[in-house]
Structures are given as structure tokens and as C-alpha cells.
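Visitor: I would like to learn how to read helix packing and pockets in a model. Please take me through one.

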Amino acid sequence: MGTVIDSHFLGLTAVVTVGYQLLFFVITALLRFDKVTDFAGSTNFIILAVLTLIVKGSWHFRQVVLSVLVVIWGLRLAVFLLMRILQWGEDRRFDEMRDNLGKLAVFWIFQAVWVWTVSLPVTIVNASNRNPAVEARDIIGWILWVLGLVIEATADQQKLYFKNAPENRGKWCNVGVWKYSRHPNYFGEMLLWWGIFVAASPVLVNAEWLVILGPIFLTLLLLFVSGIPLLEDSTDKKYGNNGAYRQYKRSTSPLILLPPAPSSSSRKLRGRVPRGQ
């Protein structure tokens, strides 16, 4: 269907992303309604994947598969986050932004950059004329995506159920996959987007390999900027004086799902050698 702005759809997706995020920024700023923030981000991924697939019109198998994977992920996350914020009533991330238009604008600009950058592997695949046969990298990427989605969705639901239970009020979530990672949902999200990159790689040539910046950007964002650091700081302020929480933090992996490390007391017990009779 011809070229739109540029052959790789980078300009098209940038314009659409900026316009879509600007719309929700105006809604948030004028109505002081921040419940649609995560919905705007998640659905933007869907729009870019579907739009580039349709505009290109090639409908190659790999293009369709990767676009469907993004749609599934985006729909699940958008619905989950929207229902959660409607239930909780407010998004505390915006407590300091509602009366500061500059900070609010920076947040929405950053969200637009996040969507556009992380979408790069699917954008480039959907814009490509190349259609190599399905190979091992495709299958590996799809497997990583499935594993990542299962981990992320499981973590989200387990934490939601935990927080909604009256007996857990005032407690941190340490059940299910949260026993093996302090941030399993972020681990799942990283894993699935790296999976999409791996599945996109058979199409990539030359400078197109720069789309690896998508999963790298997501990983750095969650590890060092708006993901783990913010939540760790918030949780430490709430439970930092709780000895059980400090033990949970010492013994539980911050990201990758791993068996909990033994406590210092259990290590001491195992280190004792019983005397003979």
C-alpha cells in the first residue's frame, strides 16, 4: 500500500504516538482525570501494531503473529490496569503532578517515547518487504513471549487478589510468584518484549538491528528509572521497620524468579555439626 511518511513507518508511528498521548494529556490536565494513563500507554502499542500491519498490507505470517502478540499483551494489560485503578480510586504517582503542568507534561512525553521505542521491533517487521521462512529464532522468541506473559499476568492477578483480601491489609505481597521475585511482573514484561525482538530478528538487516534499543530501553527503564527503584523506595518506606519484610527483601531475588535464599538463622542451624553420643 505504498510508503507513508517513510519506508520504515518510523515517522508514521511517531506522529500517531505523539497525537494519541497528547489527546490523553489534555484530558488529564483539563479534567484532572488520571485514571486513563496506563490505558493510554497500553492501547497505543495496539494501535501501532495494527496500523503498521494494515498500512503495509503484506500480511506476512511473521508480521501477523508479532502484531497479534502485541495486541494480546496490550489488551490484557490495558483492561487489568484500568479495572485496578477504577477499583483503587486514584493513582498515587500523580499526587505531585496534578497541580504541576510541567511535571505532568514530562510524564506524558516520556510515555510517548516509551511506546514508540519499545514498539520498534514490530514496527520494522511490519514495514519490511522481507519474508524469510520461519526459523528457530522465531520459535524461541514466541516461547519467551508466552513465558513472559504468563509470569506477568500471574503476578498481576496474585498481587491484586492479595491486596483485595481484608486480612492482608497493611502487608506486602509475598505469595505465589512473589515468593521467588520481588518484581515478577516486571521480569515477565522484560522477557516477553525480548521475545518479540528475538522473533523479529530474522527480518532485520544492517541498521534495522538498532531496534534492539526497544527492549534495552524497557529493561533500563524498569531496572533504574520508573519501575523497580520507585516501588522499592515506596515499599521500604512502608515496611522498612518490619523485620520480616527486611528478611523477605534479603532472601528474595529482586527480578528473576529464583528460589528464596536461606535466612541467616537457618544457615547457622545447618552449619552446626551434632556431637556424637
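Guide: Start with handedness: a crossing is left-handed if the near helix is turned anticlockwise from the far one by less than a right angle, and right-handed if clockwise. In this predicted model, α1 passes α4 in a right-handed crossing.

Visitor: Which other values describe such a pair, and how do the axes of α1 and α4 cross?

Guide: Two packed helices are described by the angle between their axes and the distance between the axes. Here the axes of α1 and helix α4 (residues 101-118) cross at roughly 150° and come within 9 Å. Angles over 145 degrees count as roughly antiparallel, so α1 is roughly antiparallel to α4.

Visitor: Which residues in α1 and α4 meet?

Guide: From α1, the contact takes in Leu10, Thr13, Ala14, Thr17, Gln21, Phe24, Phe25, Thr28 and Ala29. They meet Leu101, Leu104, Ala105, Trp108, Gln111, Ala112, Val115 and Trp116 in α4. By class, this contact of α1 with α4 divides into twelve nonpolar, five polar and no charged residues.

Visitor: How do the axes of α1 and α2 cross?

Guide: Helix α1 (residues 10-31) and helix α2 (residues 37-56) have axes that cross at roughly 150° and come within 10 Å. That makes α1 roughly antiparallel to α2. Their crossing is right-handed. On the α1 side, the residues in contact include Val16, Tyr20 and Phe24, while those in α2 include Ile47, Leu48 and Leu51. The contact of α1 with α2 has nine nonpolar, seven polar and no charged residues.

Visitor: At what angle do α2 and α3 pack?

Guide: The angle between α2 and helix α3 (residues 61-88) is about 160°, and their axes are 8 Å apart. The two helices, α2 and α3, are therefore roughly antiparallel to each other. The crossing of α2 with α3 is left-handed. Among the residues of α2 that meet α3 are Asp38, Phe39, Phe45 and Lys56; among those of α3 are Val70, Trp73 and Leu81. By class, the contact of α2 with α3 has 15 nonpolar, five polar and two charged residues.

Visitor: Now the pockets. What volume does the second largest pocket have, and which residues line it?

Guide: Rolling a probe the size of a water molecule over the atoms shows where empty space is left. The second largest pocket has a volume of about 160 Å³. Its lining consists of His8, Leu10, Trp116, Leu120, Ile124, Ala207, Glu208, Leu210, Val211 and Leu213. By class, the lining has eight nonpolar, one polar and one charged residues. Leu10 and Trp116 line this pocket and also take part in the contact of α1 with α4.

Notes:
Residues are numbered from 1 along each chain as its sequence is written. This is a predicted model: local features need pLDDT of at least 70, side-chain atom pairs count only at pLDDT 80 or more; totals for chains, interfaces and linings use all residues. Side-chain values use heavy atoms; hydrogens and water are left out. Axes are lines fitted to C-alpha atoms, for helices over the stretch in contact, and angles run from 0 to 180 degrees between N-to-C directions. Helices (H or I, at least four residues) and strands (E, at least two) are DSSP runs, numbered from the N terminus. Angles under 35 degrees count as roughly parallel, over 145 as roughly antiparallel, 65 to 115 as roughly perpendicular and the rest as oblique. Contact means heavy atoms within 4.5 Å. Ala, Val, Leu, Ile, Met, Phe, Trp, Tyr, Cys and Pro count as nonpolar, Asp, Glu, Lys and Arg as charged, and the others, Gly among them, as polar. On a 1 Å grid over the protein atoms alone, a cavity is a set of points where a 1.4 Å probe fits but cannot get out, and a pocket is an open set with protein on both sides within 12 Å along at least five of seven lines; lining residues have an atom within 4 Å of a point. Grid points are joined across faces, edges and corners, and a volume is the space filled by probe spheres set on the points.
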